[in-house]
Number of protein chains: 2
Amino acid sequence: MNKKIYSKMEIINAIEGINLIDIIEKGFVEYSKGNSVVPPVGELLFTDPPGDVHIKYGYIKGHDNYVIKIASGFPENNELGLSTSHGVMVMFDSRSGFLKCILHDEGYLTNVRTAVAGSICAKYLAPNKVIKIGIIGTGIQARLQLKYIKYTTKCVDVMVLGRDSKKINDYIEDMRKEGFNLEVANNSKQLCESCNLIVTTTSANESLIKKSDIKPGTHITAVGSDTPEKRELDSNILGLANLVVVDSVSQCVERGETKYALEKNIINRSDLVELGDIIMNKNNGRLCENDITVADLTGVAVQDIMITNKVYNNLNQL
Amino acid sequence: MNKKIYSKMEIINAIEGINLIDIIEKGFVEYSKGNSVVPPVGELLFTDPPGDVHIKYGYIKGHDNYVIKIASGFPENNELGLSTSHGVMVMFDSRSGFLKCILHDEGYLTNVRTAVAGSICAKYLAPNKVIKIGIIGTGIQARLQLKYIKYTTKCVDVMVLGRDSKKINDYIEDMRKEGFNLEVANNSKQLCESCNLIVTTTSANESLIKKSDIKPGTHITAVGSDTPEKRELDSNILGLANLVVVDSVSQCVERGETKYALEKNIINRSDLVELGDIIMNKNNGRLCENDITVADLTGVAVQDIMITNKVYNNLNQL
């Protein structure tokens, strides 16, 4: 019998140093082409302690498997010195329903595929010349965004905005080891003035950057908002944008930054362009260096399916 | 590190010979009391080969865990000599999101908790004197229904109706070893005349027993229909019934026998009584020996949660 369950360490080793941009791009393309079956996200909410669990699942037509991803966020784990994100990816054979493997990634692959999506947004939507990368947040996702942005962006100058000076210092120390030059932003205004590629990576419920701070020629990717409640951007920033890109129209009307902007009639559903269509060049994306563009990522099951396939194949050396 | 994944054989050994009636009853009671969080069933459908996957998940308030069950049915596995049902139960800590265990039960626990629910229906809804048990179908569920009905019903006389004489003979041979006296029904009429407790266990899309065959004083439990398409009973049988019991009102209006009967206005939603309310005695159930009662089971996540808890505790000897 084959091994069925793999640990986080085995999974990390299976994809460490591997360029995942192409495979995640392929996932977005299949999704926007309608070649995938992705039901609405399943959700379980907890209050004591607070936590949310998301079940993202589906398959890409023609693939020999389907994947069910269960990922959780329990913020108070932080106080216990434990990771706030956890979960597993479960893969089955789509011809028989037999279990193929369980990746006990503890949320790692969700973090990675999210960072890769951010990197893809930078590739297609950032201005040609990225002057400085602005990172909001100092957690796992703030680290992984820089790690994967290397694959699509040459700039290594970074400004970081956070709330906790200890965490900011730790972040700077870690990212310097990765080859980045870092400085601290005192506030949203300073960050927006200095950076033309901004990535927000927090689980905030209120906007961390202000509309009035945004300069022409800026691209912003918001990766932190994946529930109906969370948001990281002033809704008016989406109204200011020449282009609003989403990973999934159907998900973004229900959750994330886009939901708020739609509810306030700041943008229309017909304004939204899917990332898969940008990758396929069905939409031209950024038209000039002075455009303001926003990408709102909520995380789509096709990313989980593609990364699970990659890990499975690497582990089984196919 | 604790062991995380358990095989079907370990799971079978952990609950073999154990009375599961009480724990599954408790699940139905918590559900009907509103003490559980059970989102709508997730579903993935396949066409080539045909298959369906159900994701049932949730938690009981106050419990220290949540459970996500992934179960599939791929009918053409049968032709390959493989089990048509498969799946896993995945349990997490509801205070942290950490994985507690994976039960690679290959669909076994879904079959068992379904059979236990059938046994609970017999306990509360069958006439006081069961003359003969009528079983429709000759598969795994037809076997397990008898195995667990022993816990609630004294009768050991059984009549079976099936389509394939080889399968009927195998079934009779297996069930005789379990202490039952078996005979074959030639048709629906003969079965309904002889039996006052009938259990339908097929994945049929059309009715196998006729309204005109049903005698007063009969209870029928339909366990096979768990998708919007499947059904085992002529909808008019639900109209004939003095009482229609469902495991979950919200699920049964969407799938199973009840959906058809509601669509045809044969019964009203307000007629439906949940099994949990019968167990709690909020509804009196069968009022006289001549009543016709029907129970429509679609399978509720609370059953999966309760049986996963039982197996986990037995495996960890708590």
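Predicted model: local features only at pLDDT ≥ 70, side-chain atom pairs only at ≥ 80, totals over all residues.
Helices and strands are DSSP runs, numbered from the N terminus.

The peptide bond that joins Asp48(A) and Pro49(A) is cis, with omega about 0 degrees. Chain B has a cis peptide bond from Asp48(B) to Pro49(B), where omega is near 0 degrees. Pro49(B) lies in the loop between S3 and S4 of chain B. Another backbone feature is found at Glu106(A), where phi is near 55 degrees, a positive value in a residue other than glycine. Glu106(A) lies in the loop that runs between strand S7 (99-103) and H3 of chain A.

Attention now turns to the way helices pack within each chain. Two packed helices are described by the angle between their axes and the distance between the axes. In chain A, the axes of helix H1 (residues 8-15) and helix H3 (residues 108-125) come within 10 Å and cross at roughly 30 degrees. Angles under 35 degrees count as roughly parallel, so H1(A) is roughly parallel to H3(A). On the H1(A) side, Lys8(A), Ile11(A), Ile12(A) and Ile15(A) take part, and they meet Tyr108(A), Leu109(A) and Val112(A) in H3(A). Sorted by class, this contact of H1(A) with H3(A) has six nonpolar residues, no polar ones and one charged residue.

In chain B, the pair to look at is helix H2 (residues 21-33) and helix H3 (residues 108-125), whose axes come within 10 Å and cross at roughly 85 degrees. Because angles of 65 to 115 degrees count as roughly perpendicular, H2(B) is described as roughly perpendicular to H3(B). Here H2(B) contributes Ile21(B), Ile24(B), Glu25(B) and Phe28(B). Their partners in H3(B) are Arg113(B), Val116(B), Ala117(B), Ser119(B), Ile120(B), Lys123(B) and Tyr124(B). The contact of H2(B) with H3(B) divides into seven nonpolar residues, one polar and three charged.

The size of an interface is often given as the accessible area lost when the parts come together. Between them, chain B and chain A bury about 2900 Å², and 78% of this area is on carbon and sulfur atoms. In chain B, the residues that lose the most area to chain A are Leu44(B), Phe46(B) and Phe98(B), which together make up 17% of what that side buries. The contact takes 36 residues from chain B and 35 residues from chain A.

Across the interface, zero salt bridges are found by the rule, while four residue pairs are in polar contact between chain B and chain A. On the side of chain B that touches chain A, the elements giving two or more residues are strands S3 (42-47), S4 (50-60), S5 (65-73), S6 (85-93) and S7 (99-103) of chain B. The residues of that side divide into 22 nonpolar, eleven polar and three charged.

Definitions and conventions. Residues numbered from 1 in each chain as written. Chains lettered and ligands numbered in written order. Heavy atoms only, no water. Contact = heavy atoms within 4.5 Å. Buried area = accessible area lost by both parts, 1.4 Å probe. Salt bridge = Lys/Arg side-chain N within 4 Å of Asp/Glu carboxyl O. Polar contact = N/O pair within 3.5 Å; in protein donor to acceptor, adjacent residues only side chain to side chain. Helix = DSSP H or I, 4+ residues; strand = E, 2+ residues; numbered from the N terminus. Nonpolar A, V, L, I, M, F, W, Y, C, P; charged D, E, K, R; others polar. Axes fitted to C-alpha atoms, helices over the stretch in contact; angles between N-to-C directions. Parallel < 35°, antiparallel > 145°, perpendicular 65-115°, else oblique.
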